[in-house]
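Have the structure open while you read.

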Amino acid sequence: MKYIFVFAAALFLTACKKETQTPIDKDSDSTLVLKKDSIMEKPNDAISVETFPFPTEIKECSCYFARNKKDFENENYIYADNAGTLAYMKIDGKRLSLPLISSSDMEVDDVLTKEIENENYKISVKGKKLATEEAMLFDGTLTLEKADGTKTVIPIYGECGC
């Protein structure tokens with residue numbers, strides 16, 4: 001009986017052995033590879049969104065955004081709208097005028113939302129107000145989805161004003 005107890009105790013102790021984990025070196029040049037699920041979004045280069053000059057069609061109030069503050073200051077816009085009916089973008093090499101479906105009034109939590117859609121694209125703009133000067137500055141994202149399900153999300157920086 002004594003031998004069975006010693007054998008069971010030894011078995012129990014080896015079964016509960018802790019596994020050691022190798023710490024991840026944050027300064028290492030190695031990259032972490034993750035297995036991607038088939039339903040994940042395609043990379044940002046799946047849809048080409050190009051810069052364009054400010055649209056001459058816009059005469060009054062408007063919103064216009066670039067990929068970041070530096071591009072905005074250099075007038076490299078990827079989105080502009082006339083604050084009412086049309087949004088302008090250059091997608092896959094084509095300059096497009098797209099109908100605005102909805103646009104927020106920015107009174108709730110200083111959040112800007114816009115929905116743009118046609119038969120080929122669905123675009124969603126979401127931004128948070130950073131400052132109010134002559135115009136309101138925003139930082140956010142532009143989500144672009146093609147009819148075939150290809151989707152990309154682009155950071156944006158820009159302003160809305162009259």
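## Cysteine pairs

Cys63 and Cys160 are joined by a disulfide, with 2.0 Å from S to S; a disulfide here is a pair of cysteine sulfur atoms within 2.5 Å. That link is right-handed, with 115° about the S-S bond. The pair ties together distant parts of the chain, Cys63 sitting in strand β2 and Cys160 in strand β9, 97 residues apart. Strands (E, at least two residues) are DSSP runs, numbered from the N terminus. Both Cys63 and Cys160 are buried, where buried means under 20% relative accessible area, exposed over 50%, and partly exposed in between (1.4 Å probe, protein chains only).

A word on the source: this is a predicted model, where local features need pLDDT of at least 70, side-chain atom pairs count only at pLDDT 80 or more, and totals for chains, interfaces and linings use all residues. Residues are numbered from 1 along each chain as its sequence is written, and side-chain values use heavy atoms, with hydrogens and water left out.

The structure has two disulfides, and here they are side by side:

| Pair | S to S | Angle about S-S bond |
|---|---|---|
| Cys61 and Cys162 | 1.8 Å | 105° |
| Cys63 and Cys160 | 2.0 Å | 115° |

The link of Cys61 and Cys162 is right-handed too. This pair also connects distant parts of the chain: Cys61 is in the loop between β1 (49-50) and β2 (62-66), while Cys162 is in the segment after β9 (151-161), 101 residues apart. Cys61 has 27% relative accessibility, so it counts as partly exposed, and Cys162 is exposed because its relative accessible area is 80%.

Counting bonded cysteines along the chain, the pattern is 1-4, 2-3.

How values were computed. Helices (H or I, at least four residues) and strands (E, at least two) are DSSP runs, numbered from the N terminus.
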